[in-house]
Amino acid sequence: MIHLVTITGKERFWNIHQKYLYEMTQFYDDKMDEEGNYHYGHFDSYFENDPDRKALYMVSDRNIVGFALINRYSHVGNDIDYAMAEFTIFPVYRKNNYGSESVKRIFSVYSGKWEIKYNLKNYKAVRFWTKATREFMPEVINLNEDEQIICFSTI
């Protein structure tokens, strides 16, 4: 089940998100700040009632198994309804099909024109998003030598 993260959960989400950003340093050259945190420019706006940004937990049996950040920013200037800014299933849950079930639920709740960007060095993400979006016949766009974008509609 997917729950919207409310402002009351911002501190917990910040802590979880920092662990995710650390994991992503294997694909991006992001450095910690002097406090030991990773900068995420629009983090606060996900908790300030911005209608174009949504922070979601994926929950199974009362356990948070992952999260997603959704916005409306297109990296290639498309008119989209949603972009998957961040998505993760926590390592301990990754072999339990939670990722596939979560994106199916997200795509059904938030149907429309989508854009998802991923790093080509992240082979697991490439495989995951290719499989998760196959039924929507996505257009694949090379953003640069390290990143691709897939564009598709769930309608």
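I started with the pairing: β5 and strand β7 (residues 147-153) run antiparallel, with seven bridges between them. Strands and helices here are DSSP runs, numbered from the N terminus (E, at least two residues; H or I, at least four), and strands pair if DSSP finds at least two bridges between them. In this pair I found Lys113 opposite Ser153 in β7.

Before going on, I noted that this is a predicted model, where local features need pLDDT of at least 70, side-chain atom pairs count only at pLDDT 80 or more, and totals for chains, interfaces and linings use all residues. Residues are numbered from 1 along each chain as its sequence is written, and side-chain values use heavy atoms, with hydrogens and water left out.

Next I looked at β4 (residues 82-89), which runs parallel to β5 and is joined to β5 by three bridges. Ala83 stands opposite Glu115 in β5.

Is β5 enclosed or open? Five of the seven residues in β5 (residues 113-119) are buried, so the strand is largely enclosed by the rest of the structure. Buried means under 20% relative accessible area (1.4 Å probe, protein chains only).

Last, the largest pocket. A pocket is an open set of points on a 1 Å grid over the protein atoms alone where a 1.4 Å probe fits, with protein on both sides within 12 Å along at least five of seven lines; lining residues have an atom within 4 Å of a point. I noted 47 lining residues, with Tyr20, Met24, Phe87, Asn122 and Ala125 nearest the centre.

Conventions. Buried < 20%, exposed > 50% of the residue type's maximum accessible area, 1.4 Å probe, protein only.
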